[in-house]
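The sequence and model are shown first.

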Amino acid sequence: MSAEASPAPRTAADLSQAIRALREGAAVVLPNPAPLTHVVTATTPQAVNEAKGRPSDQPVALWAHHPDTLHAVAAVTELDAAGTALAARLLAEEYLTLLVPLRPSPQLSWLVPACKAGWALLFGARWQPLRPLLDEHPVLYVSSANRTGRQPAATTADALAMFPATVPVLQLPHRPETGTATAARQATTTVALHPDGRLTLHRHGAQDRSYDHSDDYLHQLGAQYAHTPAGATDTSGGETHQP
């Protein structure tokens, strides 16, 4: 009896395929600039959670990459103008995941999946190579690119091996992945921004790992963004804005 033929190796999606999948409601795995790992995103939270193999109603982050989306979220938070401006800069320039405090009032229906215990979880990176995909969808949901219980995917190969074939994995052209570039990748640091402007660390990650103590990282953020003017909510981002 002859041996069964091995299945053809799975291939990554190009940008046009990823754009089409997202339009059709599928979850898509996307790369991030170093030192961040991949993320999985979709136009519905259910698609993100199902791609990760977890309950469909589990909270996810809102990808607040679009200025209109961020402005709408700001209107239901307890942040003042200076806090809103600081949030915009942290999201766009630090590529953080950010917790923002919510007012005790009815919320935007599309924000609810990113809310828990009076806080909303936001991710704001707008990496230049992903703009053709992101800008079409002002509201996207996002989470780290991992199946439940596993580490987030650091490379395209990691993601292809981890996710089912129903979840396209985008590979950008002319961006080779080397061992040096991928070995130290990590999911984002999560910081909470309080109504009085204080920053506290919620989860360790790529942005704070080079600091001996988490307070050192928070102090650096405070010093770097101390003079952010109220109303400075430009979230255009850019490839030079890397963590």
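E78 sits in the loop between α3 and α4; helices (H or I, at least four residues) and strands (E, at least two) are DSSP runs, numbered from the N terminus. This is a predicted model, in which local features need pLDDT of at least 70 and side-chain atom pairs count only at pLDDT 80 or more, while totals for chains, interfaces and linings use all residues. Residues are numbered from 1 along each chain as its sequence is written, and side-chain values use heavy atoms, with hydrogens and water left out.

With a relative accessibility of 39%, E78 counts as partly exposed (buried is under 20% relative accessible area, exposed over 50%, partly exposed in between, with a 1.4 Å probe and protein chains only). Apart from neighbours within four places in sequence, E78 is in contact with P101, L102, R103, P104 and P195, where contact means heavy atoms within 4.5 Å. P104 is 26 residues from E78 along the chain, and their C-alpha atoms are separated by 9.0 Å.

The protein has 8 helices and 9 strands. Of its 243 residues, 49% count as buried. Among contacts between residues at least 6 apart in sequence, 68% join residues at least 24 apart. The average pLDDT, the predictor's confidence in each residue from 0 to 100, is 88, and 86% of the residues score at least 70. Over residues 233–243 the pLDDT is below 50, and this stretch has 38 contacts in the model beyond near neighbours in sequence.

Grid points are joined across faces, edges and corners, and a volume is the space filled by probe spheres set on the points.

The search of the whole structure finds 1 cavity of 30 Å³ or more. The lining consists of L70, V73, A74, T77, L79, T84, A87, A88, V100 and L122. Helices α3 (67–74) and α4 (81–94) each supply at least two of the lining residues.

The largest pocket has a volume of about 590 Å³. Of the 28 residues that line this pocket, the closest to its centre are A61, T97, L121, T190 and R203. Strands β4 (97–101), β5 (115–116), β6, β7 (141–144) and β9 (199–203) each supply at least two residues of the pocket lining.

The table gives the lining classes; Ala, Val, Leu, Ile, Met, Phe, Trp, Tyr, Cys and Pro count as nonpolar, Asp, Glu, Lys and Arg as charged, and the others, Gly among them, as polar.

| Space | Nonpolar | Polar | Charged |
|---|---|---|---|
| Largest cavity | 8 residues | 2 residues | no residues |

The structure holds 2 aromatic pairs: rings of Phe, Tyr and Trp (its six-membered ring) pair if their centres lie within 6.5 Å, and planes under 30 degrees apart count as stacked, over 60 as edge-to-face and the rest as tilted. The ring centres of W63 and F123 are 5.3 Å apart with planes at 55°, so this pair is tilted. Because W63 lies in strand β3 (residues 61–63) and F123 in strand β6 (residues 119–123), the pair ties together parts 60 residues apart in sequence. Both W63 and F123 are buried.

The rings of Y211 and Y217 have centres 5.3 Å apart and planes at 55°, so that pair is tilted. Y211 is partly exposed, at 28% relative accessible area, whereas Y217 counts as buried at 1%.

Notes
1 Å grid on protein atoms, 1.4 Å probe; cavity = no way out; pocket = protein on both sides within 12 Å on 5 of 7 lines; lining within 4 Å.
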